[in-house]
Amino acid sequence: MPRGKSDPLVVLRARESRVHGEAAGQVETHPGKHPLHTRRQDTVSTALDGIATAAKNRPRERFTSLAHVITPDFLRETWQQMNRRGASGVDRMTTVEFERELDQHCESIVARLKAGTYTAPAVRRVEIPKGNGKTRPLGIPTVEDRLVQRAVARILERLYEPLFLPVSFGFRPNRSAHDALRVLRVQIITGKVRYVFEADIKGYFNHISHEWLRKMLELRIGDPVILRLLGKWLNAGVMINGVRSATEEGTPQGGPVSPVLANIYLHYVLDLWFERLCKKKFTGEAYLTRFADDFVVCFQNEPDARRFEKELRRRMEAFSLELAEEKTRLIEFGRFAREDRAKSGEKPLTFDFLGFTHICGVDTKGKFTVVRHPSKKSVRKFLDQVHAWLITHVHWRRRDQQRHLSQMLRGFYQYFGLYYCRSTLDWVLQEVRYQWRRTLRRQSQRHRLYWSYLQSRAWWELPKPSLLHPTV
């Protein structure tokens, strides 16, 4: 599709220009003229800071020299920040084997990048359980490719972070799911919210258009080395049972560069479009909260919500995306909805977002509030994971089982330890105990594993839930 006046990226680019107070038109940097290209950096972190500063001060600038940051030292620093326990890719090289000759690998990567001979290997595809008998495809790049992807992702994060809007929270520094939950709760409690539109994009990571993504990247990046690298990853294909399949859409799932690419795509498709174009047409308040591909929109007026839903479907279709119908709906929600439904003796509907079920309730003083409970899906998924682990580790020593189950529970508490969640967390703890007891009793028909006996054993102790996020 040619980039003409009807191209939605051109419209948004012009809007973005006015937002930052910059004149329309592209400004390119040139080696030897920009301070980033002439000043020798003392450390690789300083080089990234320089990119971040330039990106913040010149949001309309198109950077034509970025690959020079990728040096052997930069790759070594990136390696120290990575999860080095990941599985091996199609070449079967492990992280331990790669680390033994880390210096040589880093030198070789940089040499191939400079020569333009670096190739992106196919991604090993595996299916991981998603729940309800479904699976989700996960790509596993080679260890070397993961390192290069993470290095490029660090550059892209610094380059795009100044452009990303406050409405997005996923895969961004110093932003978390709890931040999104906090902001959403404040919007509903303090704003004039009457309706909530919850949406989910069907197979988002698998259906990102390569053509559109390249156009978006070229608005900010002019470095041919970085653009070629990103193009190689998009076209690398997947390896399934030894057979390589080409990929014509989607980002390299499982790769470190995938989250930032996904954010860039929705920044232009959804965030900018909603904040700069849609809001001007609404007659009342409207708020967007997005975490990765999950998002909810709060509205004051129903006509605004209905109009947005129609335009959103057309918008998604224009960028080769589709809403998941079973997860997309408009409901009445908020203090006004609670009052209106109370007159007819009905309770307001609830919605799920980021693993929590959001409920219209009241606080200890009788005032309206948004109560969050761990969703049934989240609880069932966790208990299924506990059950699967117990079945496969039934012969572990009980102390070791206790240690691992305690770690799983603490992880669950760490995320779901919000106000009003205590009763659900107590129930989850009790269910884990029941599962553990059943698993132990299956080992022998002649056992003494009664509740009175178990409660007297030190190895039976499991951590109790606590309120870890009182301000969320």
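Helices (H or I, at least four residues) and strands (E, at least two) are DSSP runs, numbered from the N terminus. The exercises below apply this convention to a predicted model, in which local features need pLDDT of at least 70, side-chain atom pairs count only at pLDDT 80 or more, and totals for chains, interfaces and linings use all residues. Residues are numbered from 1 along each chain as its sequence is written, and side-chain values use heavy atoms, with hydrogens and water left out.

**Exercise 1. Describe the setting of phenylalanine 299.**

Step 1. Phenylalanine 299 belongs to strand 9, which covers residues 294-299.

Step 2. Its relative accessibility is 0%, so phenylalanine 299 is classed as buried (buried means under 20% relative accessible area, exposed over 50%, partly exposed in between, with a 1.4 Å probe and protein chains only).

Step 3. Phenylalanine 282 is 17 residues away from phenylalanine 299 in sequence, and their C-alpha atoms are 9.1 Å apart.

Step 4. Leaving aside residues up to four places away in sequence, phenylalanine 299 touches several residues, among them Lys192, Tyr195, Phe197, Phe282, Ala286 and Phe308; contact here means heavy atoms within 4.5 Å.

**Exercise 2. Determine the location and the contacts of serine 168.**

Step 1. Serine 168 sits in the loop that runs between helix 7 (143-160) and helix 8 (177-190).

Step 2. Serine 168 is buried because its relative accessibility is 0%.

Step 3. The side chains of serine 168 and arginine 172 form a polar contact of 2.9 Å. A polar contact is a pair of N or O atoms within 3.5 Å; within protein, one must be able to donate a hydrogen and the other to accept it, and residues adjacent in sequence count only if both atoms are side-chain atoms.

Step 4. When residues up to four places away in sequence are not counted, serine 168 touches Arg175, Asp271 and Arg290.

**Exercise 3. Is glutamate 61 buried or exposed, and which side chain does it meet in a polar contact?**

Step 1. Glutamate 61 is part of strand 2, residues 61-62.

Step 2. With a relative accessible area of 6%, glutamate 61 is buried.

Step 3. The partner is arginine 58, whose side chain joins that of glutamate 61 in a polar contact of 2.7 Å.

**Exercise 4. Characterise the packing of helix 4 against helix 7.**

Step 1. The axes of helix 4 (residues 72-81) and helix 7 come within 9 Å and cross at roughly 100°. Axes are lines fitted to C-alpha atoms, for helices over the stretch in contact, and angles run from 0 to 180 degrees between N-to-C directions.

Step 2. Helix 4 and helix 7 are therefore roughly perpendicular, given that angles under 35 degrees count as roughly parallel, over 145 as roughly antiparallel, 65 to 115 as roughly perpendicular and the rest as oblique.

Step 3. The residues that meet include Phe74, Leu75 and Trp79 in helix 4 and Leu147, Ala151 and Ile155 in helix 7.

Step 4. The contact of helix 4 with helix 7 comprises seven nonpolar, two polar and three charged residues (Ala, Val, Leu, Ile, Met, Phe, Trp, Tyr, Cys and Pro count as nonpolar, Asp, Glu, Lys and Arg as charged, and the others, Gly among them, as polar).

**Exercise 5. Characterise the packing of helix 15 against helix 16.**

Step 1. The axes of helix 15 and helix 16 come within 11 Å and cross at roughly 160°.

Step 2. Helix 15 and helix 16 are therefore roughly antiparallel.

Step 3. The residues in contact include Leu405, Leu409 and Phe412 of helix 15 and Leu425, Val432 and Trp436 of helix 16.

Step 4. By class, the contact of helix 15 with helix 16 has 11 nonpolar, two polar and one charged residues.

Step 5. Tyrosine 420 lies in the loop between helix 15 (398-416) and helix 16 (422-441). Tyrosine 420 has a positive phi of about 75° although it is not a glycine, and at a relative accessible area of 26% it is partly exposed.

**Exercise 6. Which backbone feature marks alanine 292, and where is this residue found?**

Step 1. Alanine 292 is not a glycine, yet it has a positive phi of about 60°.

Step 2. Alanine 292 is placed in the loop between strand 8 (286-291) and strand 9.

Step 3. Its relative accessible area is 11%, so alanine 292 is buried.
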